[in-house]
Amino acid sequence: IDPYQEMIKTSKDNLKKSGSTNLTFKLMGADYLDFPKNTFDIVLNRHAVVVPKEIVKVLRPGGYFITQQVEKNNMKNLKQAFGYTKNWKNDVKILSRAFKDNGCKIVAFGKYNVDYWVKDIDSLIFWLKAVNLPENFTIKKHGLELLKYMKKNTTAKGFITNESREFLIVKKS
């Protein structure tokens with residue numbers, strides 16, 4: 001599922017190229033999963049909104065939910081450079097409690113943080129626009145912050161930041 005028609009189209013295009021025939025795609029948000037109760041053995045989620053009550057509804061007893069989420073300290077030095085203070089929605093510890101409250105067992109939880117380099121300025125600008133950090137990035141509006149970031153974070157490999165992720169696996173009782 002995806003709430004964006006463009007992503008559904010891309011998924012369908014990729015499916016045709018793959019030759020697979022056992023997948024379907026639906027335009028749908030996470031706040032109401034329009035599937036019958038106890039439909040799925042596994043629900044996978046990556047970097048998207050999670051509504052535990054809805055996931056538990058569609059999981060079969062004994063089914064698993066697996067997610068990887070961007071952790072709040074992801075790209076920490078870039079966020080600091082641009083004064084990014086947006087609230088974090090999918091904190092995995094909060095999700096864990098919500099799944100427990102909905103009768104699930106936490107099977108695994110973890111997180112990792114690694115260095116991440118962006119090779120050159122063109123790639124960095126493309127990336128900042130793509131991840132919308134800061135929101136509606138332009139050189140005219142954010143050039144000074146970009147220069148300060150580059151001055152502090154340039155290495156032989158490129159511009160350094162970090163990738164920080166959390167994962168969670170739960171099992172429905």
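Me: Why is Lys-171 called partly exposed?
Reply: Its relative accessible area is 32%. Buried means under 20% and exposed over 50%, with partly exposed in between (1.4 Å probe, protein chains only), so at 32% Lys-171 counts as partly exposed. Bear in mind that this is a predicted model, where local features need pLDDT of at least 70 and side-chain atom pairs count only at pLDDT 80 or more, while totals for chains, interfaces and linings use all residues. Residues are numbered from 1 along each chain as its sequence is written, and side-chain values use heavy atoms, with hydrogens and water left out.

Me: Where is Lys-171 found, and which residues is it in contact with?
Reply: Lys-171 is in strand 5; strands (E, at least two residues) and helices (H or I, at least four) are DSSP runs, numbered from the N terminus. Contact means heavy atoms within 4.5 Å. Leaving aside neighbours within four places in sequence, Lys-171 is in contact with Gly-62, Gly-63, Tyr-64, Cys-104, Lys-105 and Val-107. As for Tyr-64, its C-alpha atom is separated from that of Lys-171 by 4.5 Å, although the two are 107 residues apart along the chain.

Me: What makes the pair Arg-60 and Asp-41 a salt bridge?
Reply: The term asks for a side-chain nitrogen of Lys or Arg within 4 Å of a carboxyl oxygen of Asp or Glu. Here the N to O distance is 3.0 Å, so the pair qualifies. Arg-60 lies in strand 2 and Asp-41 in strand 1 (residues 40–46), so the bridge ties together parts that are 19 residues apart in sequence. A search of the whole structure finds five salt bridges.

Me: Are Arg-60 and Asp-41 buried, partly exposed or exposed?
Reply: Arg-60 has 34% relative accessibility, so it counts as partly exposed. Asp-41 is partly exposed too, with a relative accessible area of 45%.

Me: What makes Lys-57 and Glu-54 a salt bridge, and where do they lie?
Reply: The closest N and O atoms are 2.8 Å apart, so the pair meets the cut-off. Both residues lie in helix 2, three residues apart, about one turn of the helix.

Me: How do you know that Glu-54 is buried?
Reply: Its relative accessible area is 8%, so Glu-54 falls on the buried side of the cut-off. Lys-57 is buried as well. Not counting residues up to four places away in sequence, Glu-54 touches Ala-30, Asp-31, Tyr-32 and Leu-33.

Me: What about Glu-71 and Lys-111: how far apart are the closest N and O atoms?
Reply: They are 3.6 Å apart, so this pair also counts as a salt bridge. It links distant parts of the chain, 40 residues apart: Glu-71 is in the loop between strand 2 and helix 3 (76–82), and Lys-111 is in strand 3 (residues 104–118). Glu-71, at 3% relative accessibility, counts as buried, whereas Lys-111, at 48%, counts as partly exposed.

Me: Why do nonpolar side chains get looked at as a group?
Reply: In soluble globular proteins, nonpolar side chains tend to be buried together.

Me: What is called a nonpolar core here, and how many residues has the largest?
Reply: A nonpolar core is a set of buried Ala, Val, Leu, Ile, Met, Phe, Trp, Tyr and Cys residues joined through side-chain atoms within 4.5 Å. The largest has 15 residues, and those with the most contacts inside it are Val-43, Val-50, Ile-55, Phe-65, Phe-99, Leu-168 and Val-170. Helix 2 (52–58), strand 2 (59–70), helix 4 (92–101) and strand 5 (158–172) are the elements that give two or more residues to this core. A second, separate core of 14 residues includes Val-118, Ile-125, Phe-137 and Leu-146.

Me: Which residues is Leu-168 in contact with?
Reply: Setting aside neighbours within four places in sequence, the contacts of Leu-168 include Phe-65, Val-92, Leu-95, Phe-99, Ile-106 and Phe-109.

Me: What does the whole chain look like?
Reply: The protein chain has six helices and five strands, in the pattern α-β-α-β-α-α-β-α-α-β-β. Of its 173 residues, 36% count as buried. Residues 24 or more positions apart account for 64% of the contacts with a separation of 6 or more.
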